[in-house]
Amino acid sequence: MKHFLIILLAITSLPLAAQQTTGNAEKMIREICDAASGIHSMQCRFRQTKSLSMLATQMVSTGRMYYKNGMLRWEYLSPYKYVFIINGNRVLLESPSGSSVIDTKTNKMFGSIANIMMSSLTGNIINKEEFDTIMLESEEGWIAELTPVKKEMLQFFTKARLYINPVEKKIEKVELTEKGGDTTLIEMTEIEKNISIDDSVFEIVH
């Protein structure tokens, strides 16, 4: 569970004074979701920076992400190896010390978290059952600020921010803020959309 939450918190930050709510929120959300609906597959590299509110140090890790038609593979490559896969109703957690498979049908918490991860990655941010959404604008682009609705999720994170390129409608950074003030920032690079990805990348053999 601990490693799963680390991955969740990996799944963007500008001074608050430079941001403002926008009257074009509905139009922005519609454009983002329209663009997301056209994403059938995606892969990218990511850099994750975890900042602890009580310490001056940061923890940095890197890896690759693969997405295809509702399947997800989130793979850490440095400084440690760890793999997280969503395929249908099954979730695989795999590390050098072992692996486990969780059924999201019987574990509703994992199901909700998996849905939020998918929404964050693809830009499908209209999900009123899971979170409230506020659209912000800054000099550098659009920001979708998501606040979890359910109490179960609020204990893990209080706010998620998706930093979106307003021209390409592409999510470039994701930032989550935890209840205690710690933050995790993911910066995605080398993003490739609607490319061929073999199903074996998302295979769960257990």
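**Contacts, strands and backbone features of the predicted chain**

Leaving aside residues up to four places away in sequence, S51 touches Q58, D182 and T183, where contact means heavy atoms within 4.5 Å. S51 belongs to strand 2, residues 41–51. The side chains of S51 and Q58 are also joined by a polar contact of 3.1 Å; such a contact is a pair of N or O atoms within 3.5 Å, and within protein one must be able to donate a hydrogen and the other to accept it, with residues adjacent in sequence counting only if both atoms are side-chain atoms.

The model is a predicted one, in which local features need pLDDT of at least 70, side-chain atom pairs count only at pLDDT 80 or more, and totals for chains, interfaces and linings use all residues. Residues are numbered from 1 along each chain as its sequence is written, and side-chain values use heavy atoms, with hydrogens and water left out.

Overall, the protein chain has 4 helices and 12 strands, taken as DSSP runs numbered from the N terminus (helices H or I, at least four residues; strands E, at least two). Of its 206 residues, 49% count as buried (under 20% relative accessible area; exposed is over 50%, partly exposed in between, with a 1.4 Å probe and protein chains only).

Y82 lies in strand 5, residues 82–87, and is buried because its relative accessible area is 5%. In the loop between strand 4 (71–78) and strand 5 sits P79, and the peptide bond from S78 to P79 is cis, with omega near 5°.

N69, not a glycine, has a positive phi of about 45° and counts as exposed at 55% relative accessibility.
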